[in-house]
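Have a look at the model below before reading on. The notes after it are meant to be read with the structure open.

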Amino acid sequence: MTNAPVIVGAGPAGVRAAEALVAHGVRPMLIDEAARAGGQIYRRQPPQFGRSSRTLYGFEAGRAAALHQSFDALRAHVDYRPDSLVWNVQGDQLDVLHGPSQRTQRVAFSQLIVATGATDRVLPVPGWTLPGVYTLGGAQVALKFQGCAIGQRVVFMGTGPLLYLVAYQYAKAGARVVAVLDTARFADQVAALPAMSTQPAVLLKGMYYVGWLRAHGVAIQGGVRPVRVSGDERVSGVAWHDGTRERTLDCDAVGFGYALRSETQLADLLGCRFAYAPAHRAHLPEHDAARRSSVPDVYLAGDGAGIMGADAAEWAGERAALALLADRGVAVDASRAQALEHKLARLTGFRSGLDRAFPFPEDWAGHAPDELVICRCENVTAGTLRQTVRESGADEMNRLKALCRVGMGRCQGRMCGVAAAEVLAHCTGQPVQNVGRLRGQAPIKPIPMQLIVASEGATP
Amino acid sequence: MTTMDAPLLRRLAETGRAEVPFVLDGVPRTALAGDTVLTAVLTHTGQLRRNEFSGAPRAGFCLMGACQDCWVQTSEGSRLRACSTFVQPGMSLLTGIDEARA
């Protein structure tokens, strides 16, 4: 093979994949959109910042430092391309935009590991487009990457492990956390304990955050239904329903989200076969236990192929690299490959426990008012979606997109896709898996128009 | 100062970094080295841009390059994704904040 293998994404999966390839004498290209390796969970602060790993990553400091050290040691042995966005795929060629120079380059790959990670899963609430409302992950980035809080008086809302982690990190860093509002009920968390006890350390950390928040006077309320974020041109409060009545709180910032969703656009452009994964309530690119996708020489690792968390991403990254190596005729340690598969399989039970503890609010679409903005790029409301369905009979996501532009904006449905599918399913009386998924399209993120022209002009 | 003009982000740490002069809506301002454009702007004011369809103010959302809701205009007429671009000395940025009062 003349071309090197390429890894897209330098988070936990991508770095461990690169490490395994280098250990077997293969020099991969490692392309990452960020300026520094680490992914979102182990995102490194800019070089001008001086906080310790302990301050930045808390209980995860050891894992974060280990990943960063592994990457630093690998740096000379990989063709590392930071600040670089893979925006298109054609055959075995990637189109890569280097942000600082604004130049796009075509990169050929022999084999490809897709480790594109995840973003917050968002279910909009009226007022969610106001300045001062951020995703939970975004609120965390503000603190970890920039040393800032998203406001003076912050409410965290939604559900998922990140809800309590970010609230804890904020309060610990000196921000005023007014409340944590969880759509999950305490009973959900109790019911999930047996499944989650397979990973006692993770379970204990979660309990520690909740206990710490309570001990420090942060109000925690479960079983809520978010009603609105209030404000004119800035957040001034939140309203939620507690099961009996509507309640309100004053605040100037809101962090919210409902666990995570996979970044699957690149796998889509590569032609990977997708299937509905009930545990993730999402259509995901298929892969086998060795992380091979349905497309030869394309491998899937990390949260981009289903949300399993950072530890799983490290194991999956290494496993994908071993499969890649075996496929190019390099001898690999079969027992190591098997051990990794075993560890990944064991996490499945824990993952279902997490879903039990922080269930997706399946009644969300039924409560979404017509005036609720679903697509924040193009300002498309739930009412417009419903009217489009009534008038056209659309019952599939790409048809709905073509008719009313939901998911057609700059973010390509990353923020609204989950919600739009829930509204469409509810409106047409179908289970959500039947409404399909928004197809990925190049460029998978916005790029300057003149670059597209230049790149196509260069096609042989 | 109206609510809209008030800084949105609050610095909690790392305030000893070198200062970086830039211009925000025509007014000289100071950021800190290592600030993203988003941080530089929102530690001074309450918005980055206006939505093309609703005209409503926006201040970013995901902070990780996914939502595309933090693109800021420069006075030279180009656009920057504020969450993933570091502030540079002399940058001149426009948030569209005056459009609401015009």
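What follows is a short tour, from domains and chain contacts down to single strands, a helix and a loop.

## Ground rules

This is a predicted model, where local features need pLDDT of at least 70, side-chain atom pairs count only at pLDDT 80 or more, and totals for chains, interfaces and linings use all residues. Residues are numbered from 1 along each chain as its sequence is written, while chains are lettered from A and ligands numbered from 1 in the order in which they are written.

## Domains of chain A

Chain A splits into domain 1 (6-119 + 261-330), domain 2 (122-258) and domain 3 (364-435); such bounds come from an automatic or database domain assignment. Between the centres of domain 2 of chain A and domain 3 of chain A there are 26 Å, taken over C-alpha atoms.

Those two domains do touch: 6 residues of domain 2 of chain A are in contact with 11 residues of domain 3 of chain A (contact puts the C-beta atoms, placed from the backbone, within 7 Å). On the domain 2 side of chain A, the residues touching domain 3 of chain A are 4 nonpolar, 1 polar and 1 charged. Here Ala, Val, Leu, Ile, Met, Phe, Trp, Tyr, Cys and Pro count as nonpolar, Asp, Glu, Lys and Arg as charged, and the others, Gly among them, as polar.

## Where A meets B

Chain A puts 39 residues into the contact and chain B 34 residues. On the chain A side, β8 (118-120), β9 (133-135), α4 (136-146) and β10 (148-149) each supply at least two residues, and α4(A) has the largest share with 5 residues. Helices (H or I, at least four residues) and strands (E, at least two) are DSSP runs, numbered from the N terminus. By class, this side of chain A has 15 nonpolar, 15 polar and 9 charged residues.

C148(A) sits opposite R11(B) in β1(B).

## A sheet in chain B

Chain B has an open sheet of 5 strands in the order β3-β2-β8-β6-β7, with mixed pairing. β3 (27-32) and β7 (79-81) of chain B are at the edges with a single partner strand each, so one side of each lacks a neighbour in the sheet.

Inside the sheet, β2 (residues 19-24) and β8 (residues 92-94) of chain B run parallel, with 2 bridges between them. L24(B) stands opposite L93(B) in β8(B).

## A hairpin, a helix and a loop in chain A

β19 (residues 274-277) and β20 (residues 282-285) of chain A run antiparallel with 4 bridges, and Y276(A) faces H283(A) in β20(A). The two strands form a hairpin with 4 residues between them, and R281(A) in the turn has a positive phi of about 50°.

G329(A), with a positive phi near 85°, follows α9(A). P47(A), by contrast, lies in the loop between β2 (29-31) and α2 (53-57) of chain A and is exposed, with 10 other C-beta atoms within 10 Å.

Conventions:
Two strands pair if DSSP finds at least two bridges between them. A residue is buried if 20 or more other C-beta atoms lie within 10 Å of its own, exposed if 12 or fewer, and partly exposed in between; C-beta atoms are placed from the backbone.
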